[in-house]
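Please read it alongside the sequence and the model.

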Amino acid sequence: MEAQCINILETLAPCLVRGGMDPGLAQFLSIAAGVLIVSAIPLVSVIIFIWIERKIAARVQDRLGPNRVGPFGILQNLADAVKLIIKEDITPAGADRLIYNAAPIIAMLSVILIWGVVPFTPVHIGADLDIGVVYVVAIGSVGTLAIMMAGWSSNNKYALLGAFRVVAALVSYEVPMIVALLVPLMLAGTMSMQGIVEAQQGMWFVVAAPIAAVIFYISNLAETGRAPFDLIEAESELVAGYNIEYSGMKFGLFMASEFLHSFTVNLLFAIIFLGGWSGPFVHQLPILGVVYLAIKSLIPYLFTIVLRSTVPRVRIDQMMAFNWKFLVPVSIINVLLVAFVLKIIQELGLSPSPENVHDFAANVPQAVILLATNLLMGLVTLNVLRNAGRRERIADQARALRTAEQRDSAIVPSAS
Amino acid sequence: MTVVNEWAFIGVFMAVAWLLPAAPLVISWIFRPRRPNAIKMATYECGVETVGDTWVQFKVQYYLNGLVFLVFDVELVFLFPWAIAYSQLDFFAFGAGLLFIFLLTDALIYAWKKNALEWQ
Amino acid sequence: MIPLWMYLIVAAAVFAIGVYGVLARRNAVAILMSVELMLSAVNINLVAFWRYLTPQNMSGQVFAAFVFVVAAAEAAVGLAIVISIYRSRRSVVVEDVNLLKG
Amino acid sequence: MLEFNPQLIVFFLFAILTLGGALGVVTNRNLIHGAIYLIISLFGGAGLFVLLSAPFLAAVQVLVYIGAIAILIIFAVMLTRSMTSMRELYNRQWWISAVVAVLLFGLLVLGVIGPVWVADEEASQPVSDLVATTQDLGVALVDGNQYVLPFEIASLLLTAAMIGAIVIAREDD
């Protein structure tokens, strides 16, 4: 029995009780230990993520990136953190102090709290809430509030305008994100994060629901303010937007929360669409799950970084039109289509039963049919887009031609 | 019991997690220099003197955008339970969901046609 | 468990505060916020009664969900009316809006 | 009568958040502060929902109220610039309103909650610890014999609200 006490994460409470502690207190201590571990992970990892991002962005742009502090410059961010801490902090006159100071904390908090429901391995998870996905979405929407508070309390026109633009964009992109989430929920039949990963033991949801995955990924790019949707940080247009008046560590918190959020949504992508911790031998050696999860979330994250350093920024009107006129309709049609096909599959008895959901072969028919449906829908969508683009180009050319003619006809009489 | 435990974790997490971003702020409050003056504290508008109230008039566009978002957000509240119960339901449920979404898509089409989604 | 009446008292207090806000405030947006408070008090009541009296029947949760819909619709239309009144009369004080007084 | 336990502490914490936030909403001059107090109050309400084993509604409360309605209210405050132009906070009958509110509360507590629920120890405890889940909610919403009609009407109401609000709030025409 003594051996059990080695893995403290799983057995801390029983061990303490055996040591003669009050069960209630032991329960509380084990929860507190879990909380400390779960909340330390994002804070430690954000330093690494910022380094990875700076290094890769530098390579893409033919630079070296940080390379002075520590091996490969890996300690650069610690040095930056120290610099931010010892900087003078300026609170603008006329700022609403309480809200001004609370905003960066809430911004960071709204990201850290998401990690509380992230399943790291089959047994290690902060809290396996049965409404995990709604919890994640709800906590994410609090981040919008932090931006609004920061912009309003700074008492600065640019900050307020920047905050309004950002909030309008963020809340819009929440709609396709949540609609796209309905598809994996339908396939998994549960909202618990652990349950969603369990349901992907046989087949990852990205196979059965590629369109939902793409929509989820794109709207998350916008949610985290990544290129091509980096209007939050539009340095050239909005003098940095909502956090313009922030300096020192408060600005540092906004920046860190942005980087961490960017990784966190890719982590969620890996959990919901790429099977989370699932991989070979994970049930024998649970700690492998962390490795699988890290690898799976790094792949979309690296793609995000490369995307960020290569594509130009879109305009706000383009961003909004893309959301309301493309992503939202496509995601709604996608949900309805998948619901329809899934119901037919279930009526035909081709979907995996609860007993063999972990079996790869049992998942194949359903996944293939759904994949085919998705591909078909993708083709139709691309075709519609192509036609719309062609029509628009023709209209543009006609307009250009008309203005040219008007100019010519205005010139000709005066010449004669 | 376990369900209570899960939420106890979230509760403790919420109570503790805000200390982590607050800690660097406190450390910085101890170490940083304090030499405020009127020019430093002035509102930063690219060096130009601030004119008028900060709370300028905003366009109704922001409100319309938030409005469409709110309506869809509430719609999705109903679709979450529908989605997770989907495999237990029959074809009638698909029809009900279809009608539910269809009615809301009407509103989206209306907003589109009235140019409420246009960002000028 | 915590006795039911404690939840009911909290809900009643929030509702009474909301009533006070609706009757006493002059600003239309503040009045709408008070109405939201009243709706939220109703929701606490609905969920509390559901939990203590009919926990296996969905009626309480379904009703609470519909209260969310009503609250959202109220906020959307109410604030739109406030904005449109402000545009034409440059005021959001409800006493200034007396067009229907004849 | 009431034994001391963690659940009670948590309940009082959320009750204080709910009530304090509500008081802040009705007494605060600055509407943005009022909106933030509203958020605090609703967050307390969400905590109460969790204690009442309705976690889905708690998450929805955060998502809909804090994430959407509060944002909409802040947008509207900005659009009407109503926070700086207030002459006085309350109208002339504010003390009548206070009396009405206190009377209403007293009536509810002494007339209804006291005799019916406090007096009856048994009715104050839940009849069962088995609680319906979110999945049951999904089933109930689209069941032809239960709530499918309200479900569709909710959609209709939202559509009507959205179209109405767009018509009212639009600038041109």
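A residue is called buried if 20 or more other C-beta atoms, placed from the backbone, lie within 10 Å of its own. By that criterion, buried residues make up 42% of the 120 residues in chain B. This is a predicted model, in which local features need pLDDT of at least 70 and side-chain atom pairs count only at pLDDT 80 or more, while totals for chains, interfaces and linings use all residues. Residues are numbered from 1 along each chain as its sequence is written, and chains are lettered from A and ligands numbered from 1 in the order in which they are written.

Helices (DSSP runs of H or I, at least four residues) and strands (E, at least two) are numbered from the N terminus; chain B has 5 helices and 0 strands. Contact (C-beta atoms, placed from the backbone, within 7 Å) links 6 residues of chain C with 8 residues of chain B.

In chain A, α9 reaches 20 Å from its first C-alpha to its last, close to the 20 Å expected at 1.5 Å a residue, the expected span being 1.5 Å times one less than the number of residues. Of the 14 residues of α9(A), 11 are buried, including A:Phe216 and A:Leu221. Just after α9(A), A:Gly225 takes a positive phi of about 65°.

The axes of α3(C) and α3(D), lines fitted to C-alpha atoms over the stretch in contact with angles from 0 to 180 degrees between N-to-C directions, come within 10 Å and cross at roughly 5°.

| Helix | Residues |
|---|---|
| α9(A) | 210-223 |
| α3(C) | 59-89 |
| α3(D) | 55-80 |

Terms used. Buried ≥ 20, exposed ≤ 12 C-beta atoms within 10 Å, placed from the backbone. Contact = placed C-beta atoms within 7 Å.
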